[in-house]
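The sequence and the model are shown first.

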Amino acid sequence: MKKWTMTVVAGALAFALGACGQTAEPKEDPITGEKEEVVVKSDLTAADVMKKASAAAEAQQSMHSEMVMKQTMEMDGETHEIHSTIDMDMILEPLAMRQTMNMKMDGEDMAIEQFMTEDGFFMKDPQSGQWMKFPGDMYEQITGQIADSQSTAVDFTMYEQFADDFKFEQTNDEYILSLKGSGEKFSTLMKDIMEQNMPAGMDESELDAVSQIDVDSLAIEFTLDKKTFFTKNFDMDMVMTIDEEGQKVKIDQNIKGTMSKINEIDEIRVPKEVIDNAVDMSEMMGK
């Protein structure tokens, strides 16, 4: 089920709310119901904000991101819990990445560290602690998939049907766009997002599996900076059911993400000790 975890994460990062005509209301406190006093009011509509956010995303070349994901899976009468954290730096051109992921599943811990630069793709084996270097052809395939997913433009037409479902708020410094719902149209939306963000080269069975997803409920909130229109953070709660070869799997998850240091990261270097001590992955796997 790990592939679903990464697919949903990708979908969450790519999820952009569509355009509607109303201007933003002052943000409402979810507990007291009181509205925040907004001195610097904006008359932009959600459509205006999304257009500017899309243009800002085109100019985004680097960033730091942190994500926390809590996931509960129910299958065959058993319940599995996964808690993951991801800390990542990324540069798009030339493509470079540093990522640390810590995952706890059913009480077992696993940590994965990765570097990807023009020096190659390096990963620390979570069991042995040994650094591995991926073969050149595999490195090119992975970087190609990442580059394709990052450069793919979001098709905003798929969100037009949700115009009346949006909640659009503002504070002095931020825009907040949120959406809650359930049912077939939200299942269709998430399927479109997942299909759009699946890596190139996925086989037909994996693509067909996406069609077996039913979204029971969805609640997602994005916060955008008022000055730059960069996305600052998102919070998503989703309950979905997946039919895998006749087996029903229910997934209840929450994903929180923050983005910072946008266009402030100029270089990512693989530490010399990693390069010097890494072994060829094919040798380590006994090939």
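## A pocket lined by strands

Strand S8 (166-170), strand S9 (174-181), S10 and strand S11 (231-244) each contribute at least two residues to the lining of the second largest pocket. The model is a predicted one. The volume of this second largest pocket is about 340 Å³.

The lining of the second largest pocket comprises 17 residues, and Lys 167, Glu 169, Ser 178, Lys 180 and Glu 221 are those that lie nearest its centre. Sorted by class, the lining holds 10 charged residues, six nonpolar residues and one polar residue.

## Overall composition

Seven helices and 13 strands are assigned in the protein. Of its 287 residues, 42% are buried. Among contacts between residues at least 6 apart in sequence, 62% join residues at least 24 apart.

## Strand pairing around S2

Strand S2 (residues 62-75) pairs with strand S3 (residues 78-91) in the antiparallel sense, over 14 bridges. The two strands form a hairpin with two residues between them. In the turn of this hairpin, Asp 76 has a positive phi of about 55°. Met 75 has Glu 78 of S3 as its bridge partner.

S2 also pairs in the antiparallel sense with strand S12 (residues 247-260), here over 11 bridges. Gln 253 in S12 is the bridge partner of Gln 71.

## Nonpolar cores

The largest nonpolar core contains 52 residues. Val 49, Phe 168, Leu 218, Leu 224 and Met 238 are the members that touch the most other members. Strand S10 (residues 213-225) gives the most to this core, supplying six residues.

Gln 114 is situated in strand S5 (residues 108-117). Gln 114 counts as buried because its relative accessibility is 12%, and the cut-off for buried is under 20%. Not counting residues up to four places away in sequence, Gln 114 touches Met 97, Arg 98, Gln 99, Phe 121, Phe 122, Met 123 and Trp 131.

Thr 258 belongs to strand S12. With a relative accessibility of 37%, Thr 258 counts as partly exposed. When neighbours within four places in sequence are left aside, Thr 258 is in contact with His 64, Ser 65, Glu 66, Lys 232 and Asn 233. Thr 258 and Asn 233 are separated by 25 residues in sequence, and their C-alpha atoms are 4.1 Å apart in space.

Is Asp 266 buried or exposed? Asp 266 has a relative accessibility of 72% and therefore counts as exposed, since the cut-off for exposed is over 50%. Asp 266 lies in the loop between S12 and helix H6 (272-277). From C-alpha to C-alpha, Asp 266 and Ile 91 are 7.6 Å apart in space, while 175 residues apart in sequence.

Key
Residues numbered from 1 in each chain as written. Predicted model: local features only at pLDDT ≥ 70, side-chain atom pairs only at ≥ 80, totals over all residues. Heavy atoms only, no water. Pairing = 2+ DSSP bridges. Helix = DSSP H or I, 4+ residues; strand = E, 2+ residues; numbered from the N terminus. Core = buried A, V, L, I, M, F, W, Y, C linked by side-chain atoms within 4.5 Å. Buried < 20%, exposed > 50% of the residue type's maximum accessible area, 1.4 Å probe, protein only. 1 Å grid on protein atoms, 1.4 Å probe; cavity = no way out; pocket = protein on both sides within 12 Å on 5 of 7 lines; lining within 4 Å. Points joined across faces, edges and corners; volume = space filled by probe spheres on them. Nonpolar A, V, L, I, M, F, W, Y, C, P; charged D, E, K, R; others polar. Contact = heavy atoms within 4.5 Å.
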